[in-house]
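I opened a structure that was new to me. These are my notes on what I looked up.

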Amino acid sequence: MSVQVKCLKCKKRVFDLMSKTIGGIEIKCPHCGTVVGYDFNNNQIIGKEK
Ligand SMILES: [Zn+2]
């Protein structure tokens, strides 16, 4: 099962995260261009705007 990760700014779907991922990623939203960093810890997703 995957979790939809949404942009902090425009709230649109940025990508789907596969479960049990641990670590972090930095991704540019394809909708509004905001670069958001996400930290993953089990099923918790913590996003912060860069
Ligand atoms: Zn966005």
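This is a predicted model: local features need pLDDT of at least 70, side-chain atom pairs count only at pLDDT 80 or more; totals for chains, interfaces and linings use all residues.

Next I looked up the pairing. Strand E1 covers residues 2-6 and strand E2 covers residues 13-18. They run antiparallel and are joined by five bridges. I found Ser 2 opposite Met 18 in E2.

Then I turned to the open sheet. I noted three strands in the order E3-E4-E5, with antiparallel pairing. The edge strands are E3 (23-28) and E5 (44-49), each pairing on one side only.

I went on to a single pair. E3 and E4 (residues 35-41) pair in the antiparallel sense over six bridges. As a reminder to myself, strands of a sheet pair through backbone hydrogen bonds.

One residue got its own entry. Phe 40 sits in strand E4. It stands opposite Gly 23. I also checked Gly 24: its C-alpha is 5.6 Å from that of Phe 40, though the two residues are 16 apart in sequence.

Is Phe 40 buried or exposed? I counted 20 other C-beta atoms within 10 Å of its own. The cut-off for buried is 20 or more, so Phe 40 is buried.

Technical notes
Residues are numbered from 1 along each chain as its sequence is written. Two strands pair if DSSP finds at least two bridges between them. Helices (H or I, at least four residues) and strands (E, at least two) are DSSP runs, numbered from the N terminus. A residue is buried if 20 or more other C-beta atoms lie within 10 Å of its own, exposed if 12 or fewer, and partly exposed in between; C-beta atoms are placed from the backbone.
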